[in-house]
Each structure stands twice: as structure tokens, then as C-alpha cells.
Amino acid sequence: MSKIHPAADHHRKRSKPRVSDDYEQSQTPAGRLISRPPPAAAGAASIFTVWKRSSMSFQGTDGFTVFDKVGRLVFRVDNYTRRKNCSIAAGAGRGRSGGGGLVLMDAHGKPLLTLRPQLRSMQLQYEWNAYSGGKEEDDDRSTPNKSPPLFVMRKPPLSLLMMMRTTATNSCQAQVFTAAEENNNVSRPDYRVEGSFRRRNCNITNSAGHIVANISRKLANATTRTTVLISDDVFSLVVQPGFEPHICMAFVIVLDRMYPNSYAPLVCS
């Protein structure tokens, strides 16, 4: 049976999950930047396998489990229900900034980012705000949403041309604005997601048009001569040097909410 992660050394036993070396080296001190200039001798791209299933392994739960290129656990998202965006946002609107949100954690369960939907009054659609840390940290603040979001991610504005090209694989699916750009009301996004997330075929590009990450379907070796295409619950995420992997994974989480595939939980509701 094929493995869902490309582990070359998956037979080695470990006492506890270990965060990928690639991810540990990519982290920067706390700050507002979500990408870094690549070093003079930039290394190879970071390759991850994303499994659309919670690491809690409860049947019917919704989440993500992410492995690095040798099969080590890197990120996880544990969510017990497939709640709608309005339900997730409702808790944050009751005088508490940490009432709702999806939390991206590292392999040890440390919160890295909290993602919260917010309804845009004029466009009648949700945008997603990313905050550093977990929900509990925000609950301790006296003022809701005291700190600005690290980034804001939303669908592009609808136009007649875009509606005519809804099936095109090169259409823009999302725009990302960093905190600095959002505060300055700059309309040009810092990042764009182009392609089709539902088909697991899209690129994340920066403002200069350079590809910083790629999402694609995953192949597995069925025999020595045959490869098979795995279901879209398991896909590859390739992050180029200079871009933070956990930020890219946050983009994936939001895209999954913006463009969900059919989902039918078996236990939770």
C-alpha cells in the first residue's frame, strides 16, 4: 500500500513528532514580515505533503496534517466540525477576539497562526484575517482585535470577464494583502493565487509575478513501473526559498474554505 508521505526513512521509530529541519531554519523572529529575501546561496525548495485529515484521527473530524519530504510531521490543523464561515466568525463578534478561528499548529501543538473570517459589508463575502499565535493568547486582550492581522486574504472582486472565465485554470482565485499594504489602502495585492485549488493545480505568485509556491496533485508508486494519481485529499505543496512555509500553509487552509469540495462528516455535525 502506498504511503501518503514521501518518507524514505519512515521505518525509523521516534518517541515524539519532530518538527522539520527545513521549517525550523525558515522561521524568523516575531515581526510583521511574511516572506524573506532568499540567501545568496539559496537552497532547494521545501517539499510538503498535505493530507486533508486531522491528526486526531477521529472519524468525521476536519483538519490538515502536513509532512515534510522525509515524512516528518510539520504542521497540523485540528477542527472537530466543518462549521460554516459565519459560525466560526460568530464567536469573535461577541466581544471576544478569540471566540472563533482555525488554528495552524506546529508538530508539537504550538499555535502559529489563527485564521478568522470576517464578512465584508459591501461585497457580502468573507475575507480571512491571519493573526500570530493562538486563540487563547487573543482571549487575554482587553480590546478585541487589538493587533492588526498579519495578512488579509479574500476572493478577487467579481467582474463580467471573470464570471465568463470561471472554468479557466489560469484565473485568479484569491488575493493576499499584508498588514502594511492593507493599512495603506493599496489595491494591488502582495500575493495572488492563480489556477484551480479544487483541482489541486495552482500557483502562488508575489507582486512581481514570481511563483513562490505551487499546489499540485500527488503521484504514488503502485509498482516499480506504475504510478497512480492519489485522491485530492492528499496533495503536494512546494515552497520556494525565501517564503515562509507556515504562511503558505495558512493560504491553503483559507483556500479550502473558499473553494471547498464535497464534505460529509460521518460522526461530527
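**View 1. Strands β3 and β4 pair in the antiparallel sense over two bridges.** Two strands count as paired if DSSP finds at least two bridges between them, and strands (E, at least two residues) and helices (H or I, at least four residues) are DSSP runs numbered from the N terminus. Strand β4 spans residues 102-106, and within β4 the bridge partner of F75 is D106. F75 itself is found in strand β3, residues 73-79, and at 1% relative accessibility F75 counts as buried, where buried means under 20% relative accessible area, exposed over 50% and partly exposed in between, computed with a 1.4 Å probe on protein chains only. From F75 to S55 the separation is 20 residues in sequence and 9.6 Å in space, C-alpha to C-alpha. This is a predicted model, in which local features need pLDDT of at least 70 and side-chain atom pairs count only at pLDDT 80 or more, while totals for chains, interfaces and linings use all residues. Residues are numbered from 1 along each chain as its sequence is written, and side-chain values use heavy atoms, with hydrogens and water left out.

**View 2. A closed barrel of 12 strands, with antiparallel pairing.** The order of the strands is β1-β2-β3-β4-β5-β6-β7-β8-β9-β10-β11-β14. From one strand to the next, the twist averages 20°, with axes taken as lines fitted to C-alpha atoms, for helices over the stretch in contact, and angles running from 0 to 180 degrees between N-to-C directions. Helix α6 packs on the sheet and touches strands including β1, β5 (111-120), β8 (172-178) and β14 (234-239), contact being heavy atoms within 4.5 Å. The direction of α6 makes about 30° with that of β7.

View 3. Helix α6 has 14 residues and reaches 20 Å from its first C-alpha to its last, close to the 20 Å expected at 1.5 Å a residue, the expected span being 1.5 Å times one less than the number of residues. Because 14 of the 14 residues of α6 are buried, the helix is largely enclosed by the rest of the structure. D256 counts as buried at 3% relative accessibility, and K52 counts as buried at 17%.

**View 4. The salt bridge between E127 and R154.** The structure holds five salt bridges, and in this one the side chains of E127 and R154 meet at 2.9 Å, N to O. The pair links distant parts of the chain, E127 lying in strand β6 (residues 125-132) and R154 in strand β7 (residues 151-154), 27 residues apart. E127 is buried, with a relative accessible area of 9%, and R154 counts as buried at 9% relative accessibility.

**View 5. The salt bridge between D78 and R76.** The side chains of D78 and R76 meet at 3.0 Å, N to O. D78 counts as buried at 18% relative accessibility, and R76 is buried, with a relative accessible area of 17%.

Definitions and conventions. Salt bridge = Lys/Arg side-chain N within 4 Å of Asp/Glu carboxyl O.
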